[in-house]
Structures are given as C-alpha cells and as structure tokens.
Amino acid sequence: MIDEGSRLPTITQILDRAEGNRHVSRHLLSEWFSLFQEVIVSHDGIMTPGFVQGNLENLTIPMLLVNYAFSYFIAAVDTCLSGQVSPCFALQRLCIESAVYAHAIVRTPELGTVWAMRDTSDADLQACKAKFKIGDFLNDLPDTGPAPRATVRSLYDRTISYGGHPNSGGALSVGGVDETDEYVSVGIELFSEGRPLLHALEATADVGYVMVCLEDLMFNVHLAPAGLPERIAMLSAAGLHNTTVGGNKPAE
Amino acid sequence: MVNSYWDSLVLGRILDSADECRRASRQSLQRWLSLFEEIVVSHRGIMASGLLQGYPEEVGVPVGLVRCSFDYFTAAIDVGLSGQVPACFGLQRLCIESAVYAYSIMRRPELGDIWLMRNDTPENRKSFQREFQITDLIDALPDSDLLPHGDTKGLYNLTIDYGGHPNRDAALASAMRWGSKERQSGGAEFLELEGLPLLLALKTTALTGYCMACLEEMMFSVALAPHTFPERVHALAVSSHGDPKTYGIAVARQSEPRTR
C-alpha cells in the first residue's frame with residue numbers, strides 16, 4: 001500500500017510555504033544573493049544601450065534569446081530561494097539552452113532565419129529540429145576561454161540530471177522511500193533544505209556565470225565577473241560545513 | 001545601439017516585484033486558484049492511503065515521477081502567479097513529461113529499470129534515449145473520454161512554444177513586452193501581472209494539472225480527476241476575456257475543450 005496523500009498540503013499552504021522560504025532565504029543566504037547580483041550586474045552592463053557594437057541586424061535574434069535566458073535565470077533564483085529544487089534545475093536548463101542558441105546564431109547567422117521560421121510550415125519545423133540540436137551546439141563551443149565546452153557541457157548535464165528532465169537523479173535527490181509493515185511511502189519533498197538546496201544554489205550561480213560568459217563571447221565584451229567560479233566553490237564548501245543532508249535551515 | 005531598456009537591474013527589486021505580483025494575483029485570481037486547488041485535492045486523493053494498491057517495487061518509480069510532476073505543477077503555479085510567464089510554461093512542460101513517463105512505466109514496468117539505470121553505462125543511456133522519446137510516449141497514450149488523444153499533445157506543444165523551449169513565439173512575446181515598457185523598479189518589466197500572456201499561462205497551467213490528474217487516474221485505476229474541469233477552465237478563460245485587465249484568449253492553439 002502506498003501512502004502519500006495524507007502528507008500533502010493545500011495549494012494555499014504550498015504558496016505560503018514558498019513565500020515564507022523565500023523571505024527566510026533572502027536573509028539567511030545573503031552571500032549567495034550577492035553572487036547572483038554580480039551576474040545580474042554583468043548582464044545589465046553588457047546590455048547597456050550602445051555597448052554592443054556590430055551588425056545589429058544580425059544580433060536581433062541573439063539579443064532576444066539572451067534576454068530570454070536572463071528571464072529563466074531570474075526564475076531559477078526565485079524558485080531556488082523558495083526551496084523548489086527540481087523546478088530550479090529545470091529553469092537552469094532553459095537558461096543554458098537559450099544562451100547557447102544565441103551563441104550559435106551569432107556564430108552562424110543563417111541559423112537565425114531557421115529559428116525564426118520554425119513554425120511557418122512542417123518543412124521549416126523539421127529544418128529547425130535538424131539544425132537546433134543542443135548537443136551539437138555545446139560541442140561547437142570553444143575549448144578554452146570564458147565558457148569552455150567541457151565546463152558548459154558538464155553544467156548542462158547536471159541541470160538535466162537534477163530536474164531539467166524527469167530523471168532518477170532529480171527524483172531521488174529530493175525524495176526517499178519509507179517502509180513500514182503497513183505501507184510504503186515514496187516521498188518527494190516539495191521544498192528542500194540542506195545539501196539539495198546548496199547544490200541548487202551552486203548550480204544556479206554557475207549557470208548565471210556561464211550565461212554572462214557566453215554573452216561576453218558572442219558580443220566580444222569582457223564583463224563576466226572575474227573569479228566568480230572560485231568564489232562560488234568557496235561559498236559552497238563553506239556551506240557544506242554548516243549543512244547536513246537534511247538541512248539545518250529553519251523551515252519558516 | 002541595440003537596446004533601449006534600462007537603468008540598473010537589481011535582483012532584490014526584481015524579486016520584490018515578483019512577490020508583490022504573487023500577492024496581488026492571489027487576491028485577484030481566486031477563481032483560478034480554486035481550479036488549481038481542485039487539481040491538488042484530486043492528486044492528494046489519488047495518493048491517499050489505501051487507494052493505491054500494488055507491489056511497491058512496481059509502483060515505486062511511477063509514484064516517484066508523479067510526485068515530481070506535482071512538484072513542477074505547484075512550481076508552475078508559483079512562478080505563474082508572479083508573472084514569470086516563460087518560466088511557467090517551462091515548468092508545465094516538465095510536469096507533463098514526468099506524468100507521461102510515469103504512465104508509460106506503469107504500462108510497461110520494464111521501462112522502470114531503463115529509466116533508473118540511465119546513467120550507468122553508455123549502452124543504458126542509448127537504450128533510455130531510444131525508449132523515452134516523449135513524442136512517441138505521448139502518441140502511445142490511449143484515447144479516452146477523460147483525456148482525448150490529441151489534447152495532451154496539443155497542450156505539450158503549447159508549453160514548448162511558449163517557454164518550454166527557447167522558441168520564437170515566447171521570445172517575441174517577451175521582447176514585445178519588454179520593448180513596450182519603460183524600466184520599472186529595476187526590472188519589473190520582466191513580470192506579467194495581467195493581460196493575454198498571463199491568461200494563457202493560467203489556462204495552460206490548469207489544463208496541465210488536469211492532464212496530470214487524468215494520467216494518475218488512468219495509471220492507478222482510481223477515479224478522482226475533477227469532472228468537467230476543461231469546460232470550467234475554458235469558461236473562466238472566456239469570462240476573463242471580458243475583464244478589462246485582459247485582452248482575450250484567442251491566440252491559444254490548443255484543441256477546443258471537449259464535451260463529455
């Protein structure tokens with residue numbers, strides 16, 4: 001017998017809990033908050049009117065996609081602070097995909113037409129599906145520089161494993177199985193604390209950094225925050241010292 | 001010059017704006033919240049103690065995926081009410097995918113092992129990629145009164161078009177929104193508190209929840225998906241059309257609501 005429903009809250013309780021968690025997280029996680037703000041300042045700088053130069057007609061679609069990536073990044077931060085870990089990874093995945101698509105179109109401008117015409121006819125849809133393969137675009141990233149292929153690929157795979165796709169890594173990282181003589185409970189926590197939350201915070205910051213590094217690459221500017229990956233790693237390591245698997249942050 | 005938006009973006013202000021949008025939406029969109037609550041009640045009922053029977057080793061993976069699906073559904077509501085429309089569609093996509101995976105594994109338990117061992121070896125990964133093609137799995141869903149065959153596919157495609165994948169329609173909608181607004185409070189123009197995009201997001205969130213509940217009902221042989229739900233979603237969307245705060249629902253490409 002499976003017992004799950006008795007533990008589920010109402011939608012009002014869920015939304016209240018998310019709001020409460022966000023409120024608490026913004027106070028408790030101020031150092032992470034500061035790292036996220038660095039990413040935003042970088043993105044904002046790159047997008048400053050007049051800063052990006054070049055053939056602006058060719059940059060229209062990449063700019064659209066970069067703004068789109070940014071909106072996913074903001075949503076990832078928002079859901080992360082509320083403790084909704086799997087959805088956070090799903091939004092990180094979309095952030096990377098949007099930024100990588102933008103980079104691919106900057107490198108190969110004719111892809112912009114394929115992307116823009118996607119829904120015009122069945123043939124256009126098939127052409128778009130054939131050209132826009134995220135794995136191929138990741139492989140086309142440079143070996144070195146601000147957004148090296150291996151780093152972006154590894155981060156993308158991490159987002160897929162932990163919530164960007166319905167995989168066991170994501171499901172098992174935020175859930176567990178309790179078994180008694182009477183019932184088996186397969187529990188997935190709606191809100192996470194402890195190491196799952198720390199993992200999501202670290203990945204969100206890494207994804208934001210990759211996003212602005214790709215912006216650096218595609219617009220040939222240099223505003224990605226220096227030393228951010230090292231500071232993310234340090235903050236994460238410090239967090240591990242203070243965090244148990246279950247978490248030590250008060251729920252409310 | 002490429003872009004005309006801006007003074008400084010500040011994360012605190014953006015998140016404050018999102019929270020304000022949520023609070024306002026929870027007051028002004030109570031009829032939508034009531035529909036979402038029906039899905040939560042339905043899901044809770046299906047998962048209730050004693051209703052689900054079977055060997056834990058057989059239903060463990062589907063139940064885990066159903067819970068993930070519910071997780072995405074509630075997150076879609078949360079970000080949707082804050083006006084983060086593309087993110088809302090992105091989460092709806094994951095909600096549908098998780099529920100479809102769960103249903104497929106319930107029908108073919110051998111898929112559960114393939115799903116669980118996906119990352120063990122390159123061969124396992126290829127096997128997973130071969131068996132878990134989402135469009136094939138959606139095409140294999142049965143046609144039922146509860147959930148007609150085309151509805152899930154239409155809904156899934158809609159989530160892909162409007163935020164589940166970096167596609168044109170959603171990016172253009174966002175661009176038009178950003179381009180039409182002055183920068184507000186350090187980034188509030190990223191949020192959509194009213195209008196057609198929000199209405200479409202609310203409608204598809206509700207229908208995504210219904211799709212999830214129907215798949216749960218079919219996989220666990222219980223009958224708790226809310227009756228006449230699609231009709232009521234459609235009616236609420238249509239009634240919102242007359243609301244001066246919204247601009248209509250005519251662009252939705254999803255299939256028309258069915259009649260029972």
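In chain A of this predicted model, residues 24 or more positions apart supply 71% of the contacts that have a separation of 6 or more. Chain A consists of 252 residues, of which 51% count as buried. Its secondary structure comprises 11 helices and 2 strands. Read from the N terminus, the order of these elements is α-α-α-α-α-α-α-α-α-β-β-α-α.

One pair of helices in chain A may be followed in detail. Two packed helices are described by the angle between their axes and the distance between the axes. Helix H4 of chain A covers residues 85-107 and helix H10 of chain A covers residues 194-219; their axes come within 10 Å and cross at roughly 10 degrees. Because angles under 35 degrees count as roughly parallel, H4(A) is roughly parallel to H10(A). On the H4(A) side, the residues that meet H10(A) include A:Val85, A:Cys88, A:Phe89, A:Gln92, A:Cys95 and A:Ile96, and also A:Ala99, A:Val100 and A:His103. Among their counterparts in H10(A) are A:Pro196, A:Leu197, A:Ala200, A:Thr204, A:Val207, A:Met211 and A:Leu214. By class, this contact between H4(A) and H10(A) has 19 nonpolar residues, 3 polar residues and no charged residues.

Chain B has 11 helices and 0 strands, and its elements accordingly read α-α-α-α-α-α-α-α-α-α-α from the N terminus on. Of its 260 residues, 49% count as buried. In chain B, 76% of the contacts with a separation of 6 or more are between residues 24 or more positions apart.

H1(B) has 18 residues and reaches 25 Å from its first C-alpha to its last, close to the 26 Å expected at 1.5 Å a residue. The buried residues in H1(B) are B:Leu11, B:Ile14, B:Leu15, B:Ser17, B:Ala18, B:Cys21, B:Arg22 and B:Ser25. Seen down the axis of H1(B), these buried residues fall within an arc of 155 degrees, so they line one face of the helix.

B:Lys153 counts as partly exposed because it has 17 C-beta neighbours inside 10 Å, whereas 20 or more would be required for a buried residue and 12 or fewer for an exposed one. The C-alpha atom of B:Lys153 is separated by 9.9 Å from that of B:Ile134, and the two residues are 19 residues apart along the chain.

Definitions and conventions
Residues numbered from 1 in each chain as written. Chains lettered and ligands numbered in written order. Predicted model: local features only at pLDDT ≥ 70, side-chain atom pairs only at ≥ 80, totals over all residues. Helix = DSSP H or I, 4+ residues; strand = E, 2+ residues; numbered from the N terminus. Contact = placed C-beta atoms within 7 Å. Axes fitted to C-alpha atoms, helices over the stretch in contact; angles between N-to-C directions. Parallel < 35°, antiparallel > 145°, perpendicular 65-115°, else oblique. Nonpolar A, V, L, I, M, F, W, Y, C, P; charged D, E, K, R; others polar. Expected span 1.5 Å × (residues − 1). Arc of directions from axis to C-beta.
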